[in-house]
Amino acid sequence: MRVLVVEDEQLLADAVATGLRREAMAVDVVYDGAAALERIGVNDYDVVVLDRDLPVVHGDDVCRKIVELGMPTRVLMLTASGDVSDRVEGLEIGADDYLPKPFAFSELIARVRALGRRTSVPLPPVLERAGIKLDPNRREVFRDGHEVQLAPKEFAVLEVLMRSEGAVVSAEQLLEKAWDENTDPFTNVVRVTVMTLRRKLGEPPVIVTVPGSGYRI
């Protein structure tokens, strides 16, 4: 899952991003509304964690732009105000969910994951395919009933492949969904991660390489 965190309090923004990355999400961070508009114009995000009171361009205007563009991106709006009227206004602007500050990080994680599941084709909370069971909330993976210990990026790659439901996923798409924008696009990190993931999942191999196209399960 790829997430954009937009928050002008830099310590909070960086802390949120670090926590989300520990949950095997690819996270980009910006600190004002103008930078947010620039990022959403270039990258495809599953969820935007959006502070409402942003400098340069207000969070409301960023949210309106996402809705105006008809993007499938889901918006979790953050605000220091806990007033019901503010929450209602934020939802009416186009936010998919609303979380007042201060918040419990566990709740933020749960809300981001819930929004990420609201795809055009709804998927169950626990993904199962080819003898693999993946639970994004618990960050657990089982192969034929046996637990498999994965590093965060390995988990992220497997989740993207599982969510594709048998469709081919290119290396570029994996790079976009499982790594952030600071990753070198010419790196071989995807190939190396897939090789390690195959080894950990065991025999027979479930990740198939489609020459010239990518990978699928």
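Helix α6 is largely enclosed by the rest of the structure, because 9 of its 12 residues are buried. The model is a predicted one. The buried residues of α6 run from Glu154, Phe155, Ala156, Val157 and Leu158 to Glu159, Val160, Leu161 and Met162. The helix reaches 16 Å from its first C-alpha to its last. That is close to the 16 Å expected at 1.5 Å a residue. After α6 comes Glu165, whose phi is positive, near 50°.

Now pick out a residue in this helix. Glu159 sits in α6, which covers residues 152-163. Is Glu159 buried or exposed? Its relative accessibility is 2%, so Glu159 counts as buried; the cut-off for buried is under 20%. What does Glu159 touch, apart from residues up to four places away in sequence? The partners are Arg113, Leu127, Leu134 and Pro136.

Take Thr193, which belongs to helix α8, residues 189-201. Thr193 has 10% relative accessibility and therefore counts as buried. Set aside its neighbours within four places in sequence, and Thr193 is in contact with Lys153, Glu154, Val157 and Trp179. A second pair shows how to read distances. Thr193 and Arg139 are 54 residues apart in sequence. In space, their C-alpha atoms are 17 Å apart.

Next comes helix α7, residues 171-178, where Lys177 is found. Lys177 has a relative accessible area of 23%, so this residue is partly exposed. Which residues does Lys177 contact, leaving aside its neighbours within four places in sequence? They are Met1, Arg2, Ala26, Asp44, Asp46 and Val160. Another, Asp46, is 131 residues away from Lys177 along the chain. Yet the C-alpha atoms of Lys177 and Asp46 are separated by 8.8 Å.

Now leave the helices and look at the loops. Two prolines deserve a stop. A cis peptide bond joins Lys101 and Pro102, with omega about -10°. Pro102 lies in the loop between strand β5 (97-100) and helix α5 (105-116). Further along, Glu203 and Pro204 are also joined by a cis peptide bond, and here too omega is about -10°. Where is Pro204? The loop between α8 and β10 (208-210) holds this residue.

Val56 has a phi near 70°, a positive value in a residue other than glycine. Find Val56 in the loop between β3 (47-51) and α3 (59-68). Val56 counts as exposed because its relative accessibility is 68%. Ala130 is not glycine either, and its phi is positive, near 55°. The loop that holds Ala130 runs between β6 (127-129) and β7 (132-135). With a relative accessible area of 46%, Ala130 is partly exposed.

Step back and view the whole protein. How many helices and strands are there? The protein contains 8 helices and 11 strands. Along its principal axes, the C-alpha trace spans about 55 × 35 × 30 Å. For 217 residues, a compact globule would have a radius of gyration near 17 Å. The protein has 18 Å, which agrees.

Of the 217 residues, 46% count as buried. Contacts can also be sorted by how far apart the partners are in sequence. Take the contacts with a separation of 6 or more: residues 24 or more positions apart account for 57% of them. The protein exposes about 10600 Å². Carbon and sulfur atoms supply 51% of that area. Finally, count the charges: there are 27 positive and 36 negative side chains. The centres of the two sets lie 7 Å apart.

Terms used:
Residues numbered from 1 in each chain as written. Predicted model: local features only at pLDDT ≥ 70, side-chain atom pairs only at ≥ 80, totals over all residues. Heavy atoms only, no water. Helix = DSSP H or I, 4+ residues; strand = E, 2+ residues; numbered from the N terminus. Rg over C-alpha atoms; globule rule 2.2 N^0.38 Å. Buried < 20%, exposed > 50% of the residue type's maximum accessible area, 1.4 Å probe, protein only. Contact = heavy atoms within 4.5 Å. Areas by Shrake-Rupley, 256 points an atom, 1.4 Å probe, with all protein chains shown as cover. Lys, Arg positive; Asp, Glu negative; His and termini not counted. Charge placed at Lys NZ, Arg CZ, Asp CG, Glu CD. Expected span 1.5 Å × (residues − 1).
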